[in-house]
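Thanks for coming, everyone. I'll keep this short.

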Amino acid sequence: MRAQKKVDSEKLASRFRSLFGKEPVLYRAPGRVNNIGEHTDYNDGFVMPMNTAVYTWVAASPRNEPSVRVHSVLFDETFEFSLDAIEPGGASAWVEYAKGVAFILQDQGFELTGADLLIDGEIPLGGGLSSSASLEAVIATALLGCSGLEVDPMKVALMCQRAEHEFAGVPCGIMDQAVICACPEDHAIRLDCRSLEIKPIPLPKELCLLVVDSGVKHQLSDGGYRQRRSECDFAIDLLRKREPGVASYRDVTGPMLAKYETELGELPFRRARHAVSETLRVREAESAIAGGNLEALGKILNASHASLRDDFMVSCDELDFLQQTAVQTSGVYGSRMVGGGFGGCTISLVDPAKLEEVRGLIVAAYAEYSGQEPWSHRVKSAAPAGLA
Ligand code: GLA
């Protein structure tokens, strides 16, 4: 079985010492797994994500000059930028995250001192577990830590989201940054993306999720994500005009939406149907989890996948193969693609007693299908971004 990359904290610290000649403090931010509520965050909807124990790490130390020196182990690149003159563009994508976060923190009035940062990570890049939000969150935490500042986690999340919008060019919702910064360990959260209210959801012991990476890398800045967002905006604008009392998709019912099928046109109608049905599924999933009903939860995951594939059209053959293989495997309650889509991972809800058997079967089937053994990971709850 393909081994999971693990960052060795001792080695990271010693690499930092040899690069920068001083002692670092270590920070880390987890990856994000979304149980349910996909493409609902930017639609003022509900989501139910949690964190998992794969991390982006930063070793950090303040420096006297007002600049940030940053090295990435993964990309084997170093970059330096002055805190006084940060502008988007001109650097490798991973550096843009560091610059973006530093810029937005300062723009929101936080006085940063200079810092030396060494970054390493365990989360598959572009794999649907939000490696980018994890990177933003750990950089924000490290820069604030170096500057002796403590900031409310949700505020940090909002600043990271701005960095993603303004420096990475992805018009993402708030789900990933919110969960990575603010979800308590051993819980998922039900996040109301309109009010930003967080409800911690204790996880039943038997809830066992298996992540399998299709290996298809997505680039959410490519345009498909932005296009889905604007199709959703188009549809809800029309519904607001026609239906008094509709502010967002949570106020729209299936029969109400059906009246506008022709007027909306096929694609906006389908996108809206996903937003409406997925909003309902978050509510249903919450009851299923509260009642410990894994069969019901599994069906909800399958329905979510079908909607993401057929109505939202953000799946791909590889994800569909993984999902289909999982649901045909005994010991799996349900499965779906996770994250923004166009590649990345699936999550499958598995009977914990059968986890290794199920994992072996799915991994073998996918290796035969794609010619490559996929990365897989059992979700394990993790603390939010902070000191390691
Ligand atoms: C990406 C975005 C999130 C969310 C998901 C889809 O992960 O960053 O804001 O929209 O896609 O649910």
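Let's start with a pair of strands. E3 and strand E6, residues 114-121, pair in the antiparallel sense. There are 8 bridges between E3 and E6.

A quick word of caution before we go on. This is a predicted model.

Back to E3. The strand spans residues 49-63. How many of its 15 residues are buried? The count is 14, and the strand is mostly covered.

E3 has another partner. Strand E1, residues 25-34, is joined to E3 by 10 bridges. E1 and E3 run antiparallel.

Keep Val25 in view for a moment. Now find Asp237. Asp237 is part of helix H6, residues 224-242. The C-alpha atoms of Asp237 and Val25 are separated by 48 Å. Along the chain, Asp237 and Val25 are 212 residues apart. Is Asp237 buried, partly exposed or exposed? Its relative accessible area is 38%, so Asp237 counts as partly exposed.

Next, the ligand. Where does the ligand sit? In the largest pocket. There are 13 residues around the ligand. Which of them come nearest? Those are Glu38, His39, Asp41, Asp176 and Tyr225.

Now some distances. Begin with Asp41: one of its polar side-chain atoms is 2.5 Å from an oxygen atom of the ligand. Then Arg32: a polar side-chain atom there lies 2.9 Å from an oxygen atom of the ligand. Gly340 comes in with its backbone. A backbone N or O atom of Gly340 is 3.3 Å from an oxygen atom of the ligand. How much of the ligand does the protein cover? On its own, the ligand has 310 Å² of accessible area, and the protein covers 96% of that.

Stay on Gly340 and look for Gly126. The C-alpha atoms of Gly126 and Gly340 are separated by 9.6 Å. In the chain, Gly126 and Gly340 are 214 residues apart. Gly126 is in the loop between E6 and helix H3, 131-146. Buried or exposed? With 16% relative accessibility, Gly126 counts as buried, because the cut-off for buried is under 20%.

That loop between E6 and H3 also holds Ser130. What is its phi? Near 60°, a positive value in a residue other than glycine. Ser130 has a relative accessible area of 9%, so Ser130 is buried.

There's another positive phi to show you. For Asp44, phi is near 55°, and again the residue is not glycine. Asp44 sits in the loop between E1 and strand E2, 46-47. At 29% relative accessibility, Asp44 is partly exposed.

Now to another group of strands. Begin with E9, residues 209-213. Why call E9 largely enclosed by the rest of the structure? Because 5 of its 5 residues are buried. Check both faces. On one side, Leu209, Val211 and Asp213 are buried. On the other, Leu210 and Val212 are buried too.

Which strands does E9 pair with? One of them is E11, residues 345-350. E9 and E11 are antiparallel, with 5 bridges. Leu210 stands opposite Ser348 in E11. Then there is strand E12, residues 376-378. E12 is joined to E9 by 3 bridges, and the two run antiparallel. Leu210 turns up here as well: its bridge partner in E12 is Arg378.

Follow E11 onward. How many of its 6 residues are buried? The count is 6, and E11 is mostly covered. One side has Cys345, Ile347 and Leu349. The other has Thr346, Ser348 and Val350. Both faces are covered.

One more strand: E10, residues 332-337. E10 pairs with E11 in the antiparallel sense, over 5 bridges.

E3 pairs with E6 over 8 bridges, and E1 is joined to E3 by 10. The ligand sits in the largest pocket. E11 pairs with E9 and with E10. That's my tour. Over to you.

Note on methods:
Residues numbered from 1 in each chain as written. Predicted model: local features only at pLDDT ≥ 70, side-chain atom pairs only at ≥ 80, totals over all residues. Heavy atoms only, no water. Buried < 20%, exposed > 50% of the residue type's maximum accessible area, 1.4 Å probe, protein only. Helix = DSSP H or I, 4+ residues; strand = E, 2+ residues; numbered from the N terminus. Pairing = 2+ DSSP bridges. Near = heavy atom within 4 Å. Polar contact = N/O pair within 3.5 Å; in protein donor to acceptor, adjacent residues only side chain to side chain. Areas by Shrake-Rupley, 256 points an atom, 1.4 Å probe, with all protein chains shown as cover. 1 Å grid on protein atoms, 1.4 Å probe; cavity = no way out; pocket = protein on both sides within 12 Å on 5 of 7 lines; lining within 4 Å. Sits in = over half its atoms within 2 Å of the grid points.
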